[in-house]
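Subject: Structure handover

Hello,

Here is the structure for your work. My notes on what was found in it follow below.

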Amino acid sequence: MTFRTRLTVLCGVVVLGASAALLGLIYLLVANSLDRVLGSTAQTMMTRDDQDPIFGLAVPVPPDTSLDQISALQEQFRSATLDSLLLQGTIAFAVVGSATVLLVWSLGGRALRPLRRITDTARRVADRSLHERIALDGPADEIKELADTFDTMLDRLDRAFDGQRRFVANASHELRTPLTTQRTLVEVAMRRKDSPPELRKLGDSLLLINERHERLLEGLLTLAHSENEPPVTEPVDLADLARRVTDQTGAEAAAAGVTIRSSLAATPVHGDPVLLERAVQNLVENGIRHNLAEDGWVRVETGPPGTISVTNSGAVITTEDLPRLFEPFRRLGGDRIDSRRGSGLGLSIVRSVAHAHGGRVTAEPRPGGGLTVSLVLPAITADS
């Protein structure tokens with residue numbers, strides 16, 4: 001139940017319980033009062049006037065009416081009075097209880113309206129950006145204090161994320177430039193005709209190291225970009241991305257002795273084309289690089305709606321190992337990065353891209369070895 005419902009039920013139970021207790025107390029007090037009055041006047045109720053009432057009961061009393069008959073009339077009066085009190089009290093109890101429930105429900109909705117506004121703002125902030133604020137107007141009560149505290153927290157988070165975005169942008173420029181310069185210098189030195197074989201061998205090693213650093217830097221920047229900035233969404237077909245990626249990775253798969261199989265049906269989604277292509281590329285490259293030494297294969301499938309799955313052959317993976325696959329710089333068999341197989345950020349980037357698009361990524365081990373990784377995104381429907 002919602003808080004509004006619980007509040008209504010609680011207040012209704014309290015009011016109805018208090019009303020029931022009050023009705024019962026009044027009933028007992030009236031009954032005791034009637035018993036006391038009727039008992040003290042039992043001997044003086046005889047009247048010589050046939051039309052005199054007995055305690056308000058217009059009952060003719062003949063002169064020869066006995067005391068037992070008068071007692072019966074008194075009991076009749078007592079019973080009628082208590083029954084009338086009980087009936088009218090029950091009606092009042094029902095009316096007051098119903099009015100209380102409706103009033104508490106209405107006032108509860110009105111009182112909780114600022115909290116609903118805070119919740120809606122928090123949800124929009126989580127889905128879009130940190131620039132929106134609650135800016136709640138009203139008296140300086142606890143709810144106003146909560147809204148102002150939330151706005152203050154959003155201000156701090158907004159400044160922190162802005163600083164982080166600026167850092168990522170600056171790091172992208174400052175780190176890429178020296179790596180590009182270093183690679184250019186090594187290539188120029190290696191192209192000299194008088195370069196000795198030792199220099200060429202050293203240059204090949206430096207170029208390999210430089211390539212690994214560039215790949216690591218690109219992965220870190222992509223990871224930071226997908227986590228810190230909301231994606232620019234537009235209609236994207238995952239099948240088209242998968243075809244492009246399989247074409248681009250065909251040479252790497254052939255060199256590794258891995259066969260790529262595809263089963264691609266149109267799978268339209270809303271998303272950032274650059275981030276989604278990077279996620280699909282990471283899935284396919286992960287399947288190629290973590291495969292069998294001989295006769296390996298990778299199967300790329302799209303569907304059901306909003307889903308792309310990459311399955312590969314490879315070593316047997318247990319269910320307990322799956323969470324480690326999505327941790328940055330962690331891989332099976334040790335915590336060290338195996339640079340020959342990548343930077344250790346592939347599936348971490350896939351998970352980050354999925355979360356940025358409101359989706360998810362799942363992994364299931366194959367009984368014969370290998371893994372099935374599925375990227376599930378909100379699909380485009382007729383109402384989208």
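This is a predicted model: local features need pLDDT of at least 70, side-chain atom pairs count only at pLDDT 80 or more; totals for chains, interfaces and linings use all residues.

In what sense do S4 and S5 pair, and over how many bridges? The pairing is antiparallel and runs over five bridges.

The overall make-up is as follows. The chain has 384 residues, of which 33% are buried. Its secondary structure consists of nine helices and seven strands. Among the contacts in the chain with a separation of 6 or more, 65% are between residues 24 or more positions apart.

The sheet

S4 and S5 belong to an open sheet of five strands, ordered S2-S4-S5-S7-S6, in which the pairing is mixed. The edges are held by strand S2 (258-263) and strand S6 (360-365); each has a single partner strand, so one side of each has no neighbour in the sheet. On average, neighbouring strands are turned by 15 degrees against each other, with direction ignored. As background, strands of a sheet pair through backbone hydrogen bonds, in either a parallel or an antiparallel sense.

H7 lies across S2, S4, S5 and strand S7 (371-376), and its direction is at about 15 degrees to S5. Helix H9 (residues 346-356) also packs on the sheet, where it touches S6 and S7. The direction of H9 makes about 140 degrees with that of S6.

The cavity

One cavity of 30 Å³ or more is present in the structure. The volume of the largest cavity is about 40 Å³. Its lining is made up of Leu283, Asn286, Gly287, Val310, Asn312, Leu347 and Val373. Helix H7 (273-289) and strand S5 (307-312) each contribute at least two residues to that lining. The largest share, three residues, comes from H7. By class, the lining has four nonpolar and three polar residues, and no charged ones.

Backbone points to check

Most residues other than glycine have a negative phi, and most peptide bonds are trans.

- Gly303 and Pro304 are joined by a cis peptide bond, with omega at about 5 degrees. Pro304 is in the loop between strand S4 (296-302) and S5.
- Ala135 is not a glycine, yet its phi is positive, at about 50 degrees. Ala135 is in the loop between helix H2 (67-127) and helix H3 (142-191). With a relative accessibility of 48%, Ala135 counts as partly exposed.
- Asp295 is not a glycine either, and has a positive phi of about 55 degrees. The loop between H7 and S4 holds Asp295. Is Asp295 buried or exposed? Its relative accessible area is 68%, so Asp295 is exposed.

To return to the opening question, the loop that holds Pro304 is the one between S4 and S5, and these two strands pair in the antiparallel sense. H7, which lies across S4 and S5 among other strands, is also the helix that gives three residues to the lining of the largest cavity.

Regards

Key
Residues are numbered from 1 along each chain as its sequence is written. Side-chain values use heavy atoms; hydrogens and water are left out. On a 1 Å grid over the protein atoms alone, a cavity is a set of points where a 1.4 Å probe fits but cannot get out, and a pocket is an open set with protein on both sides within 12 Å along at least five of seven lines; lining residues have an atom within 4 Å of a point. Grid points are joined across faces, edges and corners, and a volume is the space filled by probe spheres set on the points. Helices (H or I, at least four residues) and strands (E, at least two) are DSSP runs, numbered from the N terminus. Ala, Val, Leu, Ile, Met, Phe, Trp, Tyr, Cys and Pro count as nonpolar, Asp, Glu, Lys and Arg as charged, and the others, Gly among them, as polar. Buried means under 20% relative accessible area, exposed over 50%, partly exposed in between (1.4 Å probe, protein chains only). Two strands pair if DSSP finds at least two bridges between them. Axes are lines fitted to C-alpha atoms, for helices over the stretch in contact, and angles run from 0 to 180 degrees between N-to-C directions. Contact means heavy atoms within 4.5 Å.
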